[in-house]
Amino acid sequence: MDFSLGCLIVESIDKLLIGRNCHNYSLYFRAELYRVKKVFDKAGPLYLEAINILQESFGPEDIRVGVTFHNLGQFYLVRRKLEDACICYEIKGRVLGHGNID
């Protein structure tokens with residue numbers, strides 16, 4: 001998929017979604033799109049904003065928080081920020097259970 005087409009799709013979804021939680025999913029999908037396309041300077045802040053909204057909305061032990069920390073860890077791993085990645089994986093393990101492969 002062309003990157004500009006992917007951004008257009010995400011922006012269109014953004015306009016259709018209403019409410020804070022829906023906006024959060026849009027942030028998450030945009031962060032994933034930027035991570036996959038290696039536009040790292042845009043991906044990181046979106047992950048962090050999505051995590052903040054998820055924690056405020058559902059609490060720090062919610063599965064969505066764990067999954068987003070996992071993906072943020074993947075992001076940090078690709079950027080070779082190993083200490084940050086380890087912290088994210090520790091939080092993911094606490095939320096989802098250590099040894100969880102999902």
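This is a predicted model: local features need pLDDT of at least 70, side-chain atom pairs count only at pLDDT 80 or more; totals for chains, interfaces and linings use all residues.
1. Lys38 counts as exposed, at 60% relative accessibility. Its place is in the loop between H2 and H3. Lys38 has a positive phi of about 65° although it is not a glycine. Most residues other than glycine have a negative phi.

2. Arg80 is found in the loop between H4 and H5. Is Arg80 buried or exposed? Arg80 counts as exposed, because its relative accessibility is 71% and the cut-off for exposed is over 50%.

3. Now the overall layout. The chain holds five helices and zero strands. Along the sequence the pattern reads α-α-α-α-α. The chain has 102 residues, and 39% of them count as buried. Take the contacts in the chain with a separation of 6 or more: 47% of them are accounted for by residues 24 or more positions apart.

4. Start the helix packing with H3 and H4. Helix H3 covers residues 40-58 and helix H4 covers residues 63-78. They pack at an angle of about 160°, and their axes are 10 Å apart. H3 and H4 are therefore roughly antiparallel to each other, since angles over 145 degrees count that way. Their crossing is left-handed. From H3, the contact takes in Phe40, Ala43, Gly44, Tyr47, Leu48, Ile51, Leu54, Gln55 and Phe58. From H4, it takes in Arg64, Val65, Thr68, Phe69, Asn71, Leu72, Phe75, Tyr76 and Val78. By type, the residues of this contact divide into 13 nonpolar, four polar and one charged.

5. H4 also packs with helix H5, residues 82-96. The angle between H4 and H5 is about 160°, with the axes 8 Å apart. H4 and H5 are therefore roughly antiparallel to each other. H4 passes H5 in a left-handed crossing. On the H4 side, the contact residues include Ile63, Gly66, Val67, His70, Gly73 and Leu77. On the H5 side, they include Leu82, Ala85, Cys88, Tyr89, Ile91, Val95 and Leu96. The residues of the contact of H4 with H5 comprise 13 nonpolar, four polar and two charged.

6. Next, Arg35 in helix H2, which spans residues 20-36. Is Arg35 buried or exposed? Arg35 is buried, because its relative accessible area is 19% and buried means under 20%. Which residues does Arg35 touch, not counting those up to four places away in sequence? They are Phe40, Ala43, Tyr47, Asn71, Gln74 and Phe75.

7. Asn71 lies in helix H4. Asn71 is buried, with a relative accessible area of 9%. Leaving out residues up to four places away in sequence, Asn71 touches Tyr28, Glu32, Arg35 and Tyr47.

8. At 2% relative accessibility, Leu27 counts as buried. Leu27 touches Leu46, Glu49, Ala50 and Ile53, again leaving out residues up to four places away in sequence. The C-alpha atoms of Leu27 and Ala43 are separated by 9.1 Å. Along the chain, Leu27 and Ala43 are 16 residues apart.

9. Last, the cysteines. How many disulfides does a search of the whole structure find? The search finds zero. A disulfide needs the two sulfur atoms within 2.5 Å. Seen from Cys88, the closest cysteine sulfur is that of Cys86. Their surroundings can be set side by side. Cys86 is partly exposed, with a relative accessible area of 48%, whereas Cys88 counts as buried at 3% relative accessibility.

Terms used: Residues are numbered from 1 along each chain as its sequence is written. Side-chain values use heavy atoms; hydrogens and water are left out. Buried means under 20% relative accessible area, exposed over 50%, partly exposed in between (1.4 Å probe, protein chains only). Axes are lines fitted to C-alpha atoms, for helices over the stretch in contact, and angles run from 0 to 180 degrees between N-to-C directions. Helices (H or I, at least four residues) and strands (E, at least two) are DSSP runs, numbered from the N terminus. Angles under 35 degrees count as roughly parallel, over 145 as roughly antiparallel, 65 to 115 as roughly perpendicular and the rest as oblique. A crossing is left-handed if the near helix is turned anticlockwise from the far one by less than a right angle, and right-handed if clockwise. Contact means heavy atoms within 4.5 Å. Ala, Val, Leu, Ile, Met, Phe, Trp, Tyr, Cys and Pro count as nonpolar, Asp, Glu, Lys and Arg as charged, and the others, Gly among them, as polar.
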